[in-house]
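Look at the sequence and the model below.

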Amino acid sequence: MAEKRFGIIGYALAPKKQNSFIRDSLVTLAKSRGIELVRVDSEKELVDQGPFDCVLHKLYGDDWKRQLQEFKARYPNAVILDAPESIERLHNRISMLQVVSELKIEDRSETFGIPKQIVIYDRETLVDPHAWESLKFPVIAKPLVADGSAKSHKMALVFTRDALNQLKPPIVLQEFVNHGGVIFKVYVVGEHVRCVKRKSLPDVSEEKELGVSEDLLSFSQVSNMANHDMLEDNDRYYQLMHLDDTEMPPHAFVVDIARGLRCAMKLNLFNFDVIRDSRYGNRYLIIDINYFPGYAKMPGYETVLTDFFCEVMNKKQQEEQVEGDEVHSYDKDVTKILSDEGDITVSPKEKENTLQV
């Protein structure tokens, strides 16, 4: 039996995202807390469905933005998670990380930032040594556009300047920073913050330390190395690394960054990838930010998301209550003023006509 019926959340997700996120365990737990999750039919206009108290989405394009605007116009109190204009900032890998420089976190012994990076828009710039002479190799080459498509995930680890000729602009070149082969993935769901650690690329000082002769390795190849499928040297590397023994970043520090990013980006659902610079034990670098990531990979994601849904619905109902109280108070004040001026009793119909003048 549900504790309280909070409302209906319509979810608009691509099929692959829907299959990974909308699991029976999440639907059942949400329902037990009074939250009903309903699929948005992509074949119909959003405004003709529901009505929903909240729309949870990860769809893109001008037509979808139009549908959200029309839905919001008809249901102004509905919650949209999240606003398309806020999400779009994360579709560009330069604007994505610019927000990090805007954060102000004080009274911490830890420091944070982003790796040195530049954007290359055309081949003329790519072959111009002056454009990237400030970068130290190896570098990670990433597509400038980060829209979740397969193309946007095609990255490469580039060891030499000559290998840049194999790349196709527009791209971002980001210095590779040794980080002990561990990446920290920080999941943010409203006020909820959870950090987990995962295997990453092994540290490199020279090309031979990876045991490869290529000047450029696609990320799929590097991922294979991290999974021990290519080289015995990396198998030994991860055996010696002891992922379980790797110290996590201070929780309060991670929460401070998460809250700062959430406020600056005006987003509720995202994660960011953090590495610890091996040269400085307390220096952390944010290398990527993703909207609505694979939350199912986060331990206990059902509880975290359900708690968040309840908080969203609670806040919505509280705001509606305040709005209703203000309207009621306004009506009473107007009635009293009219009565005091004429020393008469104003009927509801007369009051309505007076307020329309």
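## Ground rules

This is a predicted model: local features need pLDDT of at least 70, side-chain atom pairs count only at pLDDT 80 or more, and totals for chains, interfaces and linings use all residues. Residues are numbered from 1 along each chain as its sequence is written, and side-chain values use heavy atoms, with hydrogens and water left out.

## The largest cavity

A cavity is a set of points, on a 1 Å grid over the protein atoms alone, where a 1.4 Å probe fits but cannot get out; lining residues have an atom within 4 Å of a point. A volume is the space filled by probe spheres set on the points, which are joined across faces, edges and corners. The model has two cavities of 30 Å³ or more.

The largest cavity has a volume of about 40 Å³. Its lining consists of V186, P249, F253, V254, I257, F272, V274 and Y284. Helices (H or I, at least four residues) and strands (E, at least two) are DSSP runs, numbered from the N terminus. α10 (251-265) and β13 (269-276) each give at least two lining residues. The largest share, three residues, comes from α10. Which classes do the lining residues of the largest cavity fall into? Eight are nonpolar, with no polar and no charged residues. Here Ala, Val, Leu, Ile, Met, Phe, Trp, Tyr, Cys and Pro count as nonpolar, Asp, Glu, Lys and Arg as charged, and the others, Gly among them, as polar.

## The second largest cavity

The second largest cavity holds about 40 Å³ of space. R93, M96, L97, Q117, K142, V172, Q174, I287 and D288 line this cavity. α5 (93-98) supplies the largest share, three residues. By class, the lining has four nonpolar, two polar and three charged residues.

## Aromatic pairs

Rings of Phe, Tyr and Trp (its six-membered ring) pair if their centres lie within 6.5 Å; planes under 30 degrees apart count as stacked, over 60 as edge-to-face and the rest as tilted. There are 12 aromatic pairs. F21 and Y301 form a tilted pair, 5.9 Å centre to centre, with 55° between the planes. F21 lies in helix α1 (residues 15-21) and Y301 in helix α11 (residues 301-342), so the pair ties together parts 280 residues apart in sequence.

Buried means under 20% relative accessible area, exposed over 50%, and partly exposed in between (1.4 Å probe, protein chains only). F21 is buried at 1%. Y301 is buried, also with 1%. One aromatic cluster is formed by F21, Y187, Y291, F292, Y295 and Y301.

Notes
1 Å grid on protein atoms, 1.4 Å probe; cavity = no way out; pocket = protein on both sides within 12 Å on 5 of 7 lines; lining within 4 Å.
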